[in-house]
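This report describes a structure chain by chain, then its ligand site and some local backbone features. The sequence and model come first.

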Amino acid sequence: MLVSEKSALTAEIEGIVNEYGNTRDNLLPILQRILNKHGHISEFAQQEVARLLDIHPVEVYGVVTFYGFMRVKEEGRYIVRLCKTISCDLAGKEAIARAIERELDIKFGETTQDKKFTLEYINCMGMCDAGPAMLINDTVYTHLTPRKAIEILKNCK
Amino acid sequence: MPIINGTVLFNKENHGDGLKKALELKPQEIIMEIRESGLKGRGGAGFPTGTKWMLAAAAISEKKFVICNADEGEPGTFKDRVLLDEYTRLVFEGMIIAGYAIGASKGYVYLRGEYRYLLNKLKSEIDKMYSENQLGNNILGSNFHFDIEIRLGSGAYVCGEESALIESLEGHRGEPRNRPPYPVNTGFMGYPTIVNNVETFAAVPVIIFKGAEWFEKIGTDRSKGTKLISVSGDCEKPGVYEVPFGTTINEMLEMVAAKDTKAVQIGGASGICVPKSEFGRNISFEDVSTGGSIIIFNKDRDMLQVLKNFMEFFVEESCGQCTPCRIGNIKLLEGVQMIERGECSMSYLKELIELGKTMQIASKCGLGQSSPNPFIAIMTHFENEIFTQW
Ligand SMILES: Cc1cc2nc3c(=O)[nH]c(=O)nc-3n(C[C@H](O)[C@H](O)[C@H](O)COP(=O)(O)O)c2cc1C
Ligand code: SF4
Ligand code: FES
């Protein structure tokens with residue numbers, strides 16, 4: 001990372017911490033803001049948050065690695081999460097999974113070379129009456145068919 | 001006792017000015033009313049709400065907190081999503097009334113990250129309530145102050161467990177605590193805290209508006225009121241249904257147009273699997289208790305695959321803090337895979353069931369205590385089906 005990028009990120013994190021307050025109970029909202037903007041929480045960002053909250057960096061790392069939505073490495077701009085839990089499974093998630101894998105030419109857990117898509121499974125996301133369901137970043141898509149799922153991916157710019 | 005039908009939540013005529021009425025009562029009077037209504041927690045455990053509030057009200061502390069558990073992560077459950085989306089006010093009003101009753105001035109909604117798309121809607125409803133003087137200082141002319149803040153989860157099922165939820169709110173890993181102490185004594189930041197489910201809060205303004213006596217007539221002897229049930233799986237009309245407690249599984253199946261049903265899973269992955277021979281049983285705290293979900297399996301479904309899906313869920317969602325759950329779920333999943341390959345002897349299966357029973361006793365929180373439920377139930381009810389496949 002360039003020194004200038006580092007100081008820009010530091011300034012940004014200082015701004016966020018100022019807004020929420022530098023107490024431990026604000027750790028998750030602070031991390032979520034960084035995650036939303038950058039798509040991941042880098043080691044450097046974790047250290048800066050720790051410094052500003054006056055806790056050990058390992059405390060921040062422990063939290064970041066606990067929560068399924070948080071990530072420490074840069075991945076795709078679109079995180080595609082297909083529900084694999086029972087109701088979506090009954091509704092035919094397997095066919096959707098295979099269609100997406102073929103279309104993006106990656107397996108679950110992988111990111112496309114152009115860093116556009118990361119493909120993951122997610123557990124039940126509360127759309128079980130409308131499965132198969134998937135989440136792309138914050139947006140929910142339901143009643144998927146293989147064709148519909150591919151259309152949705154094509155519309156991601 | 002006959003079941004009296006009625007809708008509590010899904011009937012706007014019942015949504016009156018419960019909040020206004022509550023603020024005209026004394027806090028103790030509200031708690032009495034909730035106790036008399038017989039309202040029990042809708043999040044799964046069914047603890048009497050009035051008792052929980054009474055304990056928190058009795059605690060002496062400069063600060064107290066109200067937390068709305070909107071982490072809804074139990075597979076097959078989506079009724080809180082519908083309440084938050086379509087009956088937002090009712091939930092917030094319930095939280096305000098709870099705050100007034102126990103003497104808290106701050107409430108948190110812990111919304112699962114997967115429901116982030118609801119955030120703007122919830123926030124704008126909160127803004128509206130501030131501008132209408134239903135939140136903030138001197139609510140509706142009383143001398144009661146209350147604020148609500150929404151916090152997001154980040155993709156961890158275990159954070160729905162109330163002490164893990166509090167850990168998460170405090171900025172830690174969502175690992176459940178030992179209980180006791182309970183949140184009503186030592187909750188958020190060490191202060192007395194009540195944690196209730198979205199549906200529990202939603203029922204509160206209705207009870208205050210319509211009266212405990214009205215509410216108490218709906219349902220069964222020991223389960224008062226109605227339950228929202230999220231229905232998914234093999235049926236023609238999946239969705240959220242409000243039914244009085246005491247409704248039988250057969251009645252539910254008819255309502256949702258399910259055909260050739262072989263079994264239903266009630267209460268999500270950690271609930272119980274009920275085979276066809278027991279469809280006469282009813283939904284209530286005294287019979288088949290549920291946080292609010294029914295997943296339907298028709299005659300063509302392979303119950304071993306269903307079980308495998310559940311066990312994969314628990315292996316992934318165990319927080320890993322205690323050994324029975326961390327290792328036990330993996331062993332049960334491996335057992336399912338062995339059965340799949342035709343490598344599991346009957347005596348090893350018996351050992352696995354014993355392991356499940358140990359997990360039910362020895363695990364630290366409800367996740368590990370209930371994760372063996374589907375294993376034991378499916379292996380018991382469908383032993384023949386599963387072992388004649390080889
Ligand atoms: C693993 C686990 C997950 C839970 N998830 C939820 C949940 O998503 N929503 C909920 O209201 N309660 C959940 N609970 C139950 C809560 O711990 C708690 O009992 C409940 O929020 C209390 O509210 P109530 O009395 O209104 O039901 C969960 C419990 C366990 C053990
Ligand atoms: S039972 Fe499972 S989820 Fe609960 S504390 Fe133990 S390891 Fe964590
Ligand atoms: S099982 Fe897929 S959303 Fe619930």
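## Basis of the description

A residue is called buried under 20% relative accessible area, exposed over 50%, and partly exposed in between, with a 1.4 Å probe and the protein chains only. By this definition Asn137(A) is partly exposed, at a relative accessible area of 29%.

The model is predicted: local features need pLDDT of at least 70, side-chain atom pairs count only at pLDDT 80 or more, and totals for chains, interfaces and linings use all residues. Residues are numbered from 1 along each chain as its sequence is written, chains are lettered from A and ligands numbered from 1 in the order in which they are written, and side-chain values use heavy atoms, with hydrogens and water left out.

## Chain A

Helices (H or I, at least four residues) and strands (E, at least two) are DSSP runs, numbered from the N terminus. Chain A has 7 helices and 4 strands, in the order α-α-α-α-β-α-α-β-β-β-α from the N terminus. Its C-alpha trace spans about 50 × 30 × 25 Å along the principal axes. The domain assignment, which is automatic or taken from a database, gives domain 1 (3-66) and domain 2 (78-156) in chain A. The centres of these two domains, taken over C-alpha atoms, are 30 Å apart.

Of the 157 residues in chain A, 54% are buried. Contact means heavy atoms within 4.5 Å. Among the contacts in chain A with a separation of 6 or more, 60% are between residues 24 or more positions apart. Accessible areas come from the Shrake-Rupley method with a 1.4 Å probe, and for residues only the protein chains shown count as cover. Chain A exposes about 7,500 Å², of which carbon and sulfur atoms supply 49%.

In chain B the domain assignment gives domain 1 (17-216), domain 2 (226-298) and domain 3 (303-387). Between the centres of domain 1 and domain 2 of chain B, taken over C-alpha atoms, there are 27 Å. Domain 1 of chain B gives 16 residues to their contact and domain 2 of chain B gives 19.

Helix α7(B) (residues 162-169) is largely enclosed by the rest of the structure, because 8 of its 8 residues are buried. Its buried residues, including Glu162(B) and Leu169(B), pack against α2 (27-38) of chain A and against α3, β1 (65-70), β2, β3 (147-152) and β4 of chain B. Gly171(B), with a positive phi near 95°, follows α7(B).

## Two residues of chain B

Arg112(B) is in the loop between β2 (106-111) and α6 (119-131) of chain B. At 5% relative accessibility, Arg112(B) is buried. Not counting residues up to four places away in sequence, Arg112(B) touches residues of chain A, Asn123(A), Cys124(A), Met125(A) and Gly126(A) among them, and residues of chain B that include Asp71(B), Glu72(B) and Leu152(B).

Ala57(B) lies in helix α3 (residues 49-58) of chain B and is partly exposed, at 30% relative accessible area. Apart from neighbours within four places in sequence, Ala57(B) contacts Ile31(B), Lys64(B), Ala101(B) and Ile102(B).

## The site of ligand 1

A residue is near the ligand if one of its heavy atoms lies within 4 Å of it. There are 18 residues around ligand 1, and Gly43(B), Glu162(B), Asn196(B), Asn197(B) and Thr200(B) come nearest. The largest share of this shell, 3 residues, comes from β4(B).

Polar contacts are pairs of N or O atoms within 3.5 Å; within protein, one must be able to donate a hydrogen and the other to accept it, and residues adjacent in sequence count only if both atoms are side-chain atoms. A backbone N or O atom of Arg42(B) is 3.2 Å from an oxygen atom of ligand 1. Side-chain atoms also take part: a polar one of Asn69(B) lies 3.0 Å from a ligand oxygen, and an N or O atom of Asn197(B) lies 2.7 Å from one. Taken alone, ligand 1 exposes 610 Å², and the protein buries 88% of that.

## Backbone features

Most residues other than glycine have a negative phi, and most peptide bonds are trans. The bond from Gly131(A) to Pro132(A) is cis, with omega near -5°, and Pro132(A) is in the loop between β2 (117-122) and β3 (134-136) of chain A. Another cis peptide bond, with omega about 0°, joins Pro180(B) and Pro181(B).

Asn137(A), in the loop between β3 and β4 (139-141) of chain A, has a positive phi of about 50°. His143(A) has a positive phi near 45° and is partly exposed at 47% relative accessibility.
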